[in-house]
Amino acid sequence: MWTDAAIFIGFFGGMFVLRFIVATIVFFWILPEGDQCPLCNAHTLRVQSRIWNRCLPWLRTSWCFECDWHGLLRPIPALRAPAGESPVPTGSARVRR
Ligand SMILES: [Zn+2]
């Protein structure tokens with residue numbers, strides 16, 4: 001009798017916890033990587049957000065000054081421009097391929 005209850009609670013409790021783990025991984029995976037706006041592909045500025053920076057400090061709270069997009073981005077560690085190049089190019093200097 002108790003083993004059936006333990007199996008039931010263990011199975012559905014495990015499924016409940018597993019759902020949050022999988023959802024966290026999927027939402028982290030679908031976040032755009034880098035510092036570019038997902039709407040207009042312009043470079044974004046890092047802004048401070050008291051709630052997001054406290055809950056998810058490893059994500060980059062970003063704001064796009066061209067289209068006013070706010071959101072979270074995954075930072076990439078090697079996000080540095082090559083020597084001699086401006087880290088934030090202006091609109092006219094950007095080259096699109
Ligand atoms: Zn934008």
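**View 1. The β2–β3 hairpin of the predicted model.** Strands β2 and β3 form a hairpin with 6 residues between them. This is a predicted model: local features need pLDDT of at least 70, side-chain atom pairs count only at pLDDT 80 or more, and totals for chains, interfaces and linings use all residues. Residues are numbered from 1 along each chain as its sequence is written. Strands (E, at least two residues) and helices (H or I, at least four) are DSSP runs, numbered from the N terminus. Strand β2 covers residues 60–63 and runs antiparallel to β3, joined to β3 by 4 bridges. Two strands pair if DSSP finds at least two bridges between them. R60 stands opposite L73 in β3. W63 stands opposite H70 in β3.

View 2. D68 lies in the loop between β2 and β3. Phi of D68 is near 65°, a positive value in a residue other than glycine. Most residues other than glycine have a negative phi. Is D68 buried or exposed? D68 counts as exposed because it has 10 C-beta neighbours inside 10 Å.

View 3. N41 is found in the loop between α1 and β1. N41 has a positive phi, near 65°, and is not glycine. Its 12 C-beta neighbours inside 10 Å are why N41 counts as exposed.

**View 4. The three-stranded sheet.** The open sheet of 3 strands has the order β1-β2-β3, with antiparallel pairing. Its edge strands are β1 (45–46) and β3 (70–73), and each pairs on one side only. In a regular strand the side chains alternate between the two faces of the sheet.

**View 5. Helix α1.** Helix α1 spans residues 2–30, 29 residues in total. From first C-alpha to last, α1 reaches 42 Å, close to the 42 Å expected at 1.5 Å a residue. The expected span is 1.5 Å times one less than the number of residues. How many of the 29 residues of α1 are buried? The count is 0, and α1 is hardly covered.

**View 6. The whole chain.** The protein has 2 helices and 3 strands. From the N terminus on, the elements run α-β-α-β-β. Buried residues make up 7% of the 97 residues. Among contacts between residues at least 6 apart in sequence, 40% join residues at least 24 apart. Two residues are in contact if their C-beta atoms, placed from the backbone, lie within 7 Å.

How values were computed: Buried ≥ 20, exposed ≤ 12 C-beta atoms within 10 Å, placed from the backbone.
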